[in-house]
Amino acid sequence: MLVTRQLVFKRFWYPVIPISQLEDTPQSFVLLGEKLVVWLDLKGQPIAARDRCCHRSAQLSKGKVTEGNIACPYHGWEFDETGRCVNVPQISDKAQIPKTYKIQTYQCQERYGYAWVCLSDDPIQDIPQIPEASQSDYRLIPEFYETWNCAGLRVMENELDLAHPTYVHTTTFGSTEHPIPDELDIKDTEYGIKVQAKLGVVNPELQRQNLNMEDEQTHRTLDMDWFMPFTCLLRINYPNGLTHIVVNTATPISDSSSQIVQFCLRNDTEEETKAADAVAFDRQVTLEDKEILESTNYDVPLDIKKEQQMMTDKPGILIRHKISALLKKHGETEQTNE
Ligand code: FES
Ligand SMILES: [Fe+2]
């Protein structure tokens, strides 16, 4: 499946840029092949528009923000949050600015510290709801914002694949004694799927410090949500009461690349575990995944007969079925390179 050729993916929300990166300057981002400019208006709300001026097509993201409007770097035209041109330095009477001077804007809103964009006016689902993000006993820690050369679908199923840790996470938590999970329960939901599982893992030293735990062998109780199409929430409950929630979106840039936007939520304090140490452990885990995922084929077949399957692939199989059903419902057929 080639994501940029399945129009239905334009009808979902994706995190594109951390708000902190918009504070001084506009930014560009390519979402599903569409070049965007993202900036902050006077209220500090993110605005997204097509990154092309309607005058001579210059990239607005190379311009600057003036009083909450985006100013083109070529001749200085300025556009407001609705895309309307509100200042043309070469026309002194603003009332004379033609209504046709405008750029295409897209729905954009701030959530969890990121600007989220939907390329359609008619989103199929809301931005994923994470109850812990508004609970005072949880802190939100931004983790990664980087491009991976692989398909979002591969990233999603990898998070729900409990056979890979033994082989991929050899320097972090993978346990050779636990090649399969002790428990695996999968439920179909309105927003995607829910997977509940129990997996035996090891705790290397940094992780033992982060968890305030002595044991080298332990188990993780996992409560994972896949939000269609490219967001995963991994709620890891440890026996000592700590909950570490990883939220990860593989925002689709092109058919073969995704922007990994990851943050975590934890119910402990900075005194108990330094945010930098929690990020350092997840960094190591994530790089182990990246190495493998970038070696996979980005044109992921939805037809499960085109790849071989095993018991632990059940979540990935259900993800494929649900994406196939989504395409069918919206009158699309799977587009591939084949
Ligand atoms: S190209 Fe943008 S103002 Fe001329
Ligand atoms: Fe992994």
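This is a predicted model: local features need pLDDT of at least 70, side-chain atom pairs count only at pLDDT 80 or more; totals for chains, interfaces and linings use all residues.
View 1. Residues are numbered from 1 along each chain as its sequence is written, chains are lettered from A and ligands numbered from 1 in the order in which they are written, and side-chain values use heavy atoms, with hydrogens and water left out.

For reference, the ideal angle for four tetrahedral donors is 109.5 degrees.

H164 is buried at 12% relative accessible area. H169 is buried too, at 1%. Buried means under 20% relative accessible area, exposed over 50%, and partly exposed in between (1.4 Å probe, protein chains only).

**View 2. Helix α1, enclosed.** Helix α1 covers residues 152–159. Eight of its eight residues are buried, so the rest of the structure largely encloses it. Among them are R154, E157 and E159. Helices (H or I, at least four residues) and strands (E, at least two) are DSSP runs, numbered from the N terminus.

View 3. Domain 1 takes in 10–118, and domain 2 takes in 131–329. These bounds come from an automatic or database domain assignment. The domain centres, taken over C-alpha atoms, are 33 Å apart. Contact (heavy atoms within 4.5 Å) involves 15 residues of domain 1 and 17 residues of domain 2. The two domains bury about 1,300 Å² between them, 74% of it on carbon and sulfur atoms. On the domain 1 side, F12, Y112 and Y114 lose the most area to domain 2, together 40% of what that side buries. Buried area is the accessible area (1.4 Å probe) that two parts lose on being put together, summed over both.

**View 4. Backbone exceptions.** Most residues other than glycine have a negative phi, and most peptide bonds are trans. Y112 is not a glycine, yet its phi is positive, about 55 degrees. Y112 sits in the loop between β9 (105–111) and β10, and is buried at 13% relative accessibility. L32 also has a positive phi, about 50 degrees, without being a glycine. Its loop lies between β2 (27–31) and β3 (34–40). L32 is buried at 6% relative accessibility. M228 and P229 are joined by a cis peptide bond, with omega about -5 degrees. P229 belongs to the loop between β14 (217–227) and β15 (231–237).

**View 5. A four-stranded open sheet.** The strand order is β5-β6-β7-β8, with antiparallel pairing. The edge strands, each pairing on one side only, are β5 (64–66) and β8 (85–87). Three bridges link β5 to β6 (residues 69–71). V65 has I70 as its bridge partner in β6. Two strands pair if DSSP finds at least two bridges between them.

View 6. Strand β1 (residues 14–18) is mostly covered, with five of its five residues buried. Four bridges join β1 to β10 (residues 114–118) in antiparallel fashion. There, P15 is partnered by W116 of β10. Strands β12 (residues 183–188) and β13 (residues 192–202) run antiparallel and share six bridges. They form a hairpin with three residues between them. I186 stands opposite V195 in β13.

**View 7. Around T105.** T105 lies in strand β9 and is partly exposed, at 22% relative accessibility. Beyond its neighbours within four places in sequence, T105 is in contact with A48, A49, E81, T82 and G83. T105 and E294 are 189 residues apart in sequence and 33 Å apart in space, C-alpha to C-alpha.
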